[in-house]
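Good morning, colleagues. I would like to present one structure today, beginning with the contact between its chains. Please look at the display.

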There are 2 protein chains.
Amino acid sequence: MEDEAVLLKEPEIFRNISPDFIRSILGIAKRIYIPAGQVIVKEGDIDDRMYIMMEGTVEVVKTLVISDPDDEQEEERNKVFTRLEARDHAVFGEVALLDASKRTATIKAVTECTLYEIKKDDFLALAEENFELGYRITLNLARIVSTRLRKADEETIKLTTALSFILKEL
Amino acid sequence: MEDEAVLLKEPEIFRNISPDFIRSILGIAKRIYIPAGQVIVKEGDIDDRMYIMMEGTVEVVKTLVISDPDDEQEEERNKVFTRLEARDHAVFGEVALLDASKRTATIKAVTECTLYEIKKDDFLALAEENFELGYRITLNLARIVSTRLRKADEETIKLTTALSFILKEL
């Protein structure tokens, strides 16, 4: 466990979190093994679990454009694919620790994967027992979400501008 | 002070926060008076202060579309205007408590306003002194930001879909 706590100082959610606190968090986590090809998280599902990658590679698939579900080729084209490697200690689904919410992407195991799974209620219970841990993790989470919000807001303005420009030209 | 602490249980950032904690937060806040017509927060500025409205009405102006700055009429059309009243104990700029960040809207006093101003560093110092307070406020903040992110993500998919549909028809 000790090595893993040191290892896990890298992901943003564990920034400035002491190895002792990371150990407490791993204490409420479940180690799970996912075979290659299996979907871990499904876009649109409502869920309340966060994952930390320990081994393997996953593929992240996100819908950019809502497309005709009968046209599979089009549906594939309207998605974006990225990969996450365990060696980056990627964390995903972390927003679920705040509120059970709709998954915004599908995550599928490319190779066999080892993950830590943490449930929202277990995290919130741990935070009630240790407010310093709760505060530091929640502050990191809030900053992660706020960086994403800033990017999404910039994206919205760009898209609205493009749309208004095209509509004016029509 | 007591009445105000009870009054301030309504804004989302103070949800489930005890009047004692709200009193501690008001303890680091500065009461400020803004004359009618004055800009309190300017879109695009980088700032680290949050505001709580106690008296008055403000106007929120947000750019939706980047427009030709020489065409004032167009610029006005490309903005959205909403009003916030003190009686709702509106809070704005709360994301600044997480990280000094670009203001995403301009906020202007319509009438004379009384506000509480809270600086990021003062909030973070208070949270280090009282982790329970820090945790509860940060959890509320994180949830506020995550709800906004969810909406922004939905908006992006709608806009991308509209854009791709129009481009296909051209």
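Across the interface of chain B and chain A, four salt bridges are found, a salt bridge being a side-chain nitrogen of Lys or Arg within 4 Å of a carboxyl oxygen of Asp or Glu. In one salt bridge the side chains of R143(A) and D99(B) meet, at 3.6 Å from N to O. Chain B and chain A also have four residue pairs in polar contact, both residues at pLDDT 80 or more. A polar contact is a pair of N or O atoms within 3.5 Å; within protein, one must be able to donate a hydrogen and the other to accept it, and residues adjacent in sequence count only if both atoms are side-chain atoms.

Which elements of chain B give two or more residues to the side that touches chain A? They are α4 (120-129) and α5 (131-169) of chain B, and α5(B) gives the most, with 28 residues. By class, this side of chain B has 21 nonpolar, 10 polar and 11 charged residues; Ala, Val, Leu, Ile, Met, Phe, Trp, Tyr, Cys and Pro count as nonpolar, Asp, Glu, Lys and Arg as charged, and the others, Gly among them, as polar.

A word on conventions. This is a predicted model, in which local features need pLDDT of at least 70 and side-chain atom pairs count only at pLDDT 80 or more, whereas totals for chains, interfaces and linings use all residues. Residues are numbered from 1 along each chain as its sequence is written, chains are lettered from A in the order in which they are written, and side-chain values use heavy atoms, with hydrogens and water left out.

In total, 42 residues of chain B are in contact with 42 residues of chain A, contact meaning heavy atoms within 4.5 Å. The two chains bury about 4100 Å² between them, 70% of it on carbon and sulfur atoms; this is the accessible area (1.4 Å probe) lost on putting the two parts together, summed over both.

Over all chains, the structure holds 20 salt bridges. In one of them, R103(A) pairs with D47(A), the closest N and O atoms being 3.6 Å apart. R103(A) lies in the loop between β8 (101-102) and β9 (106-109) of chain A and D47(A) in strand β3 (residues 46-47) of chain A, so the pair ties together parts 56 residues apart in sequence. Helices (H or I, at least four residues) and strands (E, at least two) are DSSP runs, numbered from the N terminus.

Finally, in chain B, seven bridges join strand β5 (residues 57-63) to β6(B), and the two run antiparallel. Within this pairing, E59(B) stands opposite R83(B) of β6(B). Two strands pair if DSSP finds at least two bridges between them.
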